[in-house]
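Please have the sequence and the model open while reading.

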Amino acid sequence: MALLRGVFIVAAKRTPFGTYGGVLKDHTATDLATHAARAALTAGKVDYDLVDSIIVGNVMQSSPDAAYIARHVGLQVGIPIPVPALTVNRLCGSGFQSIVSGAQVLNNRSAF
């Protein structure tokens, strides 16, 4: 028997890889995550009003707004202000932990 029922990934996008000092050097982690989030919501045909939590995995706070990257991404994408946001930093496991945390929120039908 599965512990999680009815949780599906309908679309996924990630930030690009680049070289140090390369073409992405003028873009913050928040800029890149916003682009990926908007692309994932578009690819999944998800209505922004249906988003009830934001979880972003981020390894390093590399820009002044990255400490609250999940909140900034949500606002820049157009998610309503009352939607809770969680930034996850588990080093190399940050992205995976964000997926696990999202599944837990959906399974429990609760905000964090």
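Which strands do the buried residues of H3 pack against? The buried residues of H3 pack against strand S1 (54-57) and S2.

## Basis

This is a predicted model, in which local features need pLDDT of at least 70 and side-chain atom pairs count only at pLDDT 80 or more, while totals for chains, interfaces and linings use all residues. Residues are numbered from 1 along each chain as its sequence is written, and side-chain values use heavy atoms, without hydrogens or water.

## Helix H3

Helix H3 covers residues 94-108. Its end C-alpha atoms are 21 Å apart, which agrees with the 21 Å that 15 residues should span at 1.5 Å a residue (the expected span is 1.5 Å times one less than the number of residues). Arg 109 follows H3 and has a positive phi, near 50 degrees.

Among the buried residues of H3 are Gln 97, Ser 101 and Val 105 (buried means under 20% relative accessible area, exposed over 50%, partly exposed in between, with a 1.4 Å probe and protein chains only).

Ser 94 counts as buried because its relative accessibility is 1%. Beyond its neighbours within four places in sequence, Ser 94 is in contact with Gly 57, Asn 58, Val 59, Val 88 and Asn 89 (contact means heavy atoms within 4.5 Å). A polar atom of the Ser 94 side chain lies 2.8 Å from the backbone oxygen of Leu 91.

Leu 91 sits in the loop between strand S2 (85-88) and H3. Leu 91 counts as exposed because its relative accessibility is 55%.

Key
Helix = DSSP H or I, 4+ residues; strand = E, 2+ residues; numbered from the N terminus. Polar contact = N/O pair within 3.5 Å; in protein donor to acceptor, adjacent residues only side chain to side chain.
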